[in-house]
Amino acid sequence: MRVAVLMSTYNGEKYLQQQLDSILKQTGGFEVDIWVRDDGSTDNTHRILKEYEKNGKLRWYTGNNLGPALSFISLVKKCVGYDFYAFADQDDYWLPGKIQAGINLIQNCMCPAMYCSNAELVNVQLLGIGRNVYRQAPRLDFHTLSCAGGILGCTIMFNNLLAKIIQKYALPKKIVMHDSYVAIICAAVEGKLVYDENVYLKYRQHDNNAIGVSYGFLKTVKERLDAIFKCPKVSIADQAKSVTDVIDNQISGEKLNWLISISKYKDTYGKRVYLAFSGKTKYINLNMAFKIRMSILFGNR
């Protein structure tokens, strides 16, 4: 059984060695290959990667700066022929049983399948800050995922059947993040999505996180306000269009129509209202529902 651990690096010298060592210490009945795509680092990341490559511990290459979302998807497309795939950030720390836990829950799936888990929020010294990422299970239904995302990419594993779909088609033009893109595709093609409430990863929080989790009252309030009133560079409308452009022939009529409605939700105020208050989306709590519904209403999702 072969597992490809996919990592996109960018100026990751500070925590990269610790993360790579934690991946290399994984235990279970599988073989691991680490594939790294460097997204244009200017620090000592290349030197570190060369050292690990020289010792036969990983393979890596560099390319134009795509940003983490497209960098990860390009890795999926490059690394064909594995039984399972796992996303890895450059600055976290994996507990030894992480990969095997994912394999255990999706190895018997005869359809495209994706696994994700909880993670412990830690500081730069890997000390816990008193909470996990998820206080309750994330929503994994297609309609909610396509509007909310919310899957922690560094915990994701998926099988070869899902990877083949991504590998078959062109690199998407615009996606919010690689994790939401993979999750939406899995749900769109009637795949299986599995959440594990157990913790197998220390999710390091620091000032240079590409994506982080807000904690503390003031940080949470700021994140909520930004989500509602700031327009992101890539919206759920852009991502929905990218999904339909790539795999529309594999999506059923109702789901395809839903993605098309998301891709056009900014066109009129009526479309915003329809998507913002749709009963098809089931957010995990009232705070999340308010944030997402209002951001859609203002055209900022």
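Strand S6 (residues 113-122) runs parallel to strand S9 (residues 192-204), and nine bridges join them. Strands pair here if DSSP finds at least two bridges between them. This is a predicted model: local features need pLDDT of at least 70, side-chain atom pairs count only at pLDDT 80 or more, and totals for chains, interfaces and linings use all residues. Residues are numbered from 1 along each chain as its sequence is written, and side-chain values use heavy atoms, without hydrogens or water.

**Strands**
- Strands (E, at least two residues) and helices (H or I, at least four) are DSSP runs, numbered from the N terminus.
- Val122 has Arg204 in S9 as its bridge partner.
- S9 also pairs with strand S5 (residues 93-94), in the antiparallel sense over two bridges.
- There, Tyr93 stands opposite Lys202.

**Nonpolar core**
- The largest nonpolar core has 98 residues.
- Such a core is a set of buried (under 20% relative accessible area, 1.4 Å probe, protein chains only) Ala, Val, Leu, Ile, Met, Phe, Trp, Tyr and Cys residues joined through side-chain atoms within 4.5 Å.
- Val5, Leu6, Met114, Phe158, Ile247 and Ile296 touch the most other members.
- Helix H7 (residues 178-188) gives the most to this core: eight residues.
- Met114 has contacts (heavy atoms within 4.5 Å) that include Phe158, Val182 and Val194.

**Helix packing**
- The axes (lines fitted to C-alpha atoms over the stretch in contact) of helix H3 (residues 68-78) and helix H6 (residues 160-168) come within 8 Å and cross at roughly 105°.
- H3 is therefore roughly perpendicular (65 to 115 degrees) to H6.
- Ile73, Val76 and Lys77 in H3 meet Ala163, Ile166 and Gln167 in H6.

Terms used. Buried < 20%, exposed > 50% of the residue type's maximum accessible area, 1.4 Å probe, protein only. Axes fitted to C-alpha atoms, helices over the stretch in contact; angles between N-to-C directions. Parallel < 35°, antiparallel > 145°, perpendicular 65-115°, else oblique. Lists of a residue's contacts leave out its neighbours within four places in sequence.
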